[in-house]
Amino acid sequence: MAQPDTKKIFFENLSGAGKAIAVLTSGGDAQGMNAAVRAVVRMGLYVGAKVYFIHEGYQGMVDGGENIKEATWESVSSMLQVGGTVIGSARCKEFRSHEGRLKAAHNLVQRGITNLCVIGGDGSLTGANLFREEWSGLLNELVEQGVIEAESVQKYSALHIVGMVGSIDNDFCGTDMTIGTDSALHRIIEVVDAIMTTAQSHQRTFVLEVMGRHCGYLALVSALACGADWVLIPEMPPEDGWEDKMCQKLSANRAGMKRLNVIIVAEGAIDRNNKAITTDYVKDLVVKCLGFDTRVTILGHVQRGGTPSAFDRILASRMGVEAVLALLETTANTPACVVSLCGNQSVRLPLMECVQMTQEVQKAMDLKRFEEAVKLRGRSFENNLKTYKLLAHRKPECELPVSNFNVAVLNVGAPAAGMNAAVRSAVRVGISEGHKMFAVSDGFEGFYKGQIKEIKWADVGGWTGQGGSLLGTKRTLPAKHVDKIAEQMRKHNINALLVIGGFEALECLLQLYDARATFEEFCIPMCMLPATISNNVPGTDLSIGADTALNAIVETCDRIKQSASGTKRRVFIIETMGGYCGYLATVGGLAAGADAAYIYEESFDIRDLQANVEHLTEKMKTSIQRGLVLRNENSNENYTTDFIYQLYTEEGKGVFDCRKNVLGHMQQGGAPSPFDRNFGTKISAKAMQWISKKLVETFRQGRVFANSEDTCCLLGMRRRALIFQPVVGLKDETDFIHRIPKEQWWLKLRPLMKILAKYKTSYDVSDSGQLEHVVHNRPKESDASVAM
């Protein structure tokens with residue numbers, strides 16, 4: 001297949017020849033660890049290094065023997081979709097002693113290993129750093145004992161360490177998201193969604209305990225994702241007298257015709273006096289004060305189990321490759337680092353700076369400096385907490401500001417999971433800002449037909465977990481109906497517009513911007529939120545709905561591949577949606593472990609197809625039993641899914657047989673993933689705050705008048721930041737014929753997918769992480785946090 005241009009060819013500049021890399025998982029397990037191990041092994045082998053598994057974590061390093069085995073390409077096959085860690089993890093008291101670390105050093109030197117990739121939490125990574133600092137002293141001791149030769153000290157003089165954080169708690173400072181957190185959120189939300197149906201049937205209150213002994217991230221984000229009535233976390237204990245306030249809130253919700261209540265408690269939840277708040281205490285309180293039928297559910301280790309989500313597989317694969325890059329670039333003076341995620345970008349941070357900040361959080365909590373603890377957790381955590389408070393707790397009418405502004409919200413284009421969460425967030429934040437909110441049904445078609453009505457706080461209750469678009473959505477563009485739309489805006493006195501949708505939404509805003517010259521009704525603040533499974537909107541790296549679609553693709557691919565287990569060798573050809581945008585095929589292929597992904601953006605011909613068939617044939621002659629090929633629906637008008645299926649069937653005769661599957665609209669349906677719920681909720685809240693600010697700025701002489709470019713914007717995530725960009729400025733970045741951006745960040749992931757599928761290709765390292773320092777507060781805009 002044709003290769004994109006690269007600024008720097010990886011294997012020519014960063015050879016791993018003569019190096020030995022060992023990978024281990026330590027501490028608690030987390031979904032996605034196997035994807036990280038697979039990426040480290042395959043990238044290490046790709047660059048010519050020897051790669052070793054260390055089984056059972058540090059215990060295996062201390063015990064040596066069969067616990068340290070050389071890895072092969074095939075030894076990490078079929079582990080991408082497996083939860084936990086297949087190389088085992090164990091807590092090791094012996095490694096904490098000097099004697100234990102001496103044994104570990106001997107076992108590594110015997111095999112020439114001086115590069116360690118450690119996947120674990122802060123305890124595991126702190127231990128690795130201590131091991132690194134003691135390394136030369138340990139080798140000298142081994143020489144004195146006559147266990148190793150003196151020249152080994154010189155030959156293996158430095159131990160290089162790179163860490164990846166594998167922890168479902170997301171309790172490690174310096175990274176937006178740790179490996180396993182998104183999958184744990186999937187488990188929690190699956191349970192909450194299931195519980196809500198039974199709770200509604202019996203008008204019950206459910207108290208759920210989720211993991212997080214020292215960190216409330218899982219509790220907070222799951223509360224945000226399901227619209228829980230109350231959440232209790234260790235970083236921000238409730239004020240004294242919280243019991244009465246909580247009961248008042250639950251009672252008010254029931255009075256407002258809500259048939260259920262959900263309270264989420266982190267296992268480490270405490271009050272202001274550092275006294276534990278248990279689920280049983282909360283249950284007894286609700287029963288005693290309100291008499292509600294109340295049940296307790298403790299999720300426990302369910303949260304650690306199951307297959308990793310698409311997000312965790314992609315995160316772990318990217319981090320695994322980044323870890324190998326970091327090991328190859330390191331020198332004797334380079335500090336141990338962790339590879340992590342900031343927004344949508346890989347970064348490298350000094351390991352001990354991250355560990356020290358993580359420890360500072362606990363110190364702040366112990367000293368009851370809770371506001372400081374929240375800030376130290378990072379802007380993502382702080383932003384989640386603010387957003388939850390804004391959406392969950394309605395202020396009394398007398399406390400609301402009076403703005404006298406009317407704001408309309410509508411969905412445009414195809415439905416995308418997470419749209420309803422965005423609408424709920426917009427409505428509630430708008431009401432909190434003092435605006436009157438209006439909902440428009442069926443997009444701009446409903447707008448010109450007058451399908452506009454006021455929407456209240458309670459009207460959007462329970463919307464967060466609903467798939468599709470409850471407002472209704474159409475692809476109709478406004479250009480032909482601007483006069484009727486302007487008339488409806490006059491009639492309802494609409495002062496601002498929030499449009500949630502995909503590529504059509506961008507076209508709509510451009511048309512309304514042009515209509516400002518003719519109709520003053522459109523001289524108002526207008527904002528667009530990208531929401532499409534195709535992720536083809538310019539101005540943003542990610543769109544609401546794309547994560548849910550990726551999970552649908554990955555789950556289906558897992559099942560399809562499993563259907564071939566125990567049978568003869570088989571290749572599956574899978575067609576994905578996306579129009580001309582190859583995001584779903586490429587990123588879905590990376591998450592599902594595809595051998596190839598055909599897309600429009602990277603042209604291919606019959607020679608490429610033939611080369612892919614030959615490549616698969618060679619792999620099938622080894623122990624590989626299953627192949628997976630993805631094709632974007634519009635990748636090529638001649639090389640259709642049927643054509644590729646027939647070609648592979650014919651050319652693979654005698655080696656493998658073929659099956660094909662068109663995934664279709666199942667990629668658009670289903671309940672939104674935790675990521676899409678929270679991404680939609682947070683960017684919608686930010687958009688409404690921007691609208692409020694613009695309304696105040698543009699209110700002159702008794703009316704709103706906004707005709708500048710910066711009052712008609714798209715809110716998108718670019719690398720590390722959420723940025724408002726004038727839609728007019730995005731024209732030059734857009735291919736309107738094929739409805740895709742001219743430049744797309746995820747194309748840089750394609751060589752990574754090919755490398756992990758054993759293709760020889762060039763790899764652009766110009767965008768790889770550079771060593772940075774941990775900062776307590778990032779710049780204001782960087783609260784984007786791709787990681788919710």
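Buried means under 20% relative accessible area, exposed means over 50%, and partly exposed lies in between (1.4 Å probe, protein chains only). This is a predicted model, in which local features need pLDDT of at least 70, side-chain atom pairs count only at pLDDT 80 or more, and totals for chains, interfaces and linings use all residues. Residues are numbered from 1 along each chain as its sequence is written, and side-chain values use heavy atoms, with hydrogens and water left out.

**Stop 1**

Select Arg739. Arg739 is partly exposed, at a relative accessible area of 28%. A salt bridge here is a side-chain nitrogen of Lys or Arg within 4 Å of a carboxyl oxygen of Asp or Glu. Helices (H or I, at least four residues) and strands (E, at least two) are DSSP runs, numbered from the N terminus. Glu504 is buried, with a relative accessible area of 8%.

**Stop 2: two other salt bridges**

The structure holds 36 salt bridges. Side chains of opposite charge can pair when their charged atoms come close. Select Glu445 and Lys449, whose closest N and O atoms are 3.2 Å apart. Glu445 counts as buried at 19% relative accessibility, while Lys449 is partly exposed at 48%. Move to Glu372 and Arg369, a salt bridge of 2.6 Å, N to O. Both ends are partly exposed: Glu372 at 32% relative accessibility, Arg369 at 41%.

**Stop 3: the four-stranded sheet**

Show strands S18 to S21. They form an open sheet in the order S19-S20-S18-S21, with parallel pairing. Strands pair if DSSP finds at least two bridges between them. S19 (596–598) and S21 (657–662) stand at the edges with a single partner strand each, so one side of each has no neighbour in the sheet. From one strand to the next, the twist averages 20 degrees. Zoom in on S19 and S20 (residues 626–632): three bridges join these parallel strands. Tyr598 has Arg631 in S20 as its bridge partner.

Now select helix H21 (residues 606–620). H21 lies across S18 (570–576), S19 and S20, and runs at about 160 degrees to S20. Axes are lines fitted to C-alpha atoms, for helices over the stretch in contact, and angles run from 0 to 180 degrees between N-to-C directions.

**Stop 4: helix H20**

Select residues 583–592, helix H20. Of its 10 residues, 10 are buried. Among them are Tyr583, Leu584, Val587 and Leu590. The buried residues of H20 pack against H11, helix H19 (546–562), S18, S19, S20 and helix H24 (750–756). Contact means heavy atoms within 4.5 Å. Step on to Gly593, which follows H20 and has a positive phi, near 80 degrees.

**Stop 5: the cores**

Select Met164, Phe444, Leu497 and Leu498. They have the most contacts inside the largest nonpolar core, which has 191 residues. A nonpolar core is a set of buried Ala, Val, Leu, Ile, Met, Phe, Trp, Tyr and Cys residues joined through side-chain atoms within 4.5 Å. Helix H11 (residues 310–329) gives the largest share, 13 residues. Centre on Leu498. Beyond residues up to four places away in sequence, Leu498 touches residues including Ala408, Leu410, Cys527, Met688 and Ile691. Another core, of 40 residues, lies apart from the largest one, with Leu102, Tyr156, Leu159 and Val347 among its members.

**Stop 6: the aromatic cluster**

A search of the whole structure finds 17 aromatic pairs. Rings of Phe, Tyr and Trp (its six-membered ring) pair if their centres lie within 6.5 Å; planes under 30 degrees apart count as stacked, over 60 as edge-to-face and the rest as tilted. Select Tyr58 and Phe95, a stacked pair, 4.1 Å centre to centre with 15 degrees between the planes. Tyr58 is in helix H3 (residues 57–63), and Phe95 is in the loop between strand S3 (68–70) and helix H4 (98–110), 37 residues apart. Both are buried.

Phe131 and Trp135 are four residues apart in helix H5 (residues 122–144), about one helical turn. Both Phe131 and Trp135 are buried. Keep Tyr58, Phe95, Phe131 and Trp135 selected: they form one aromatic cluster.
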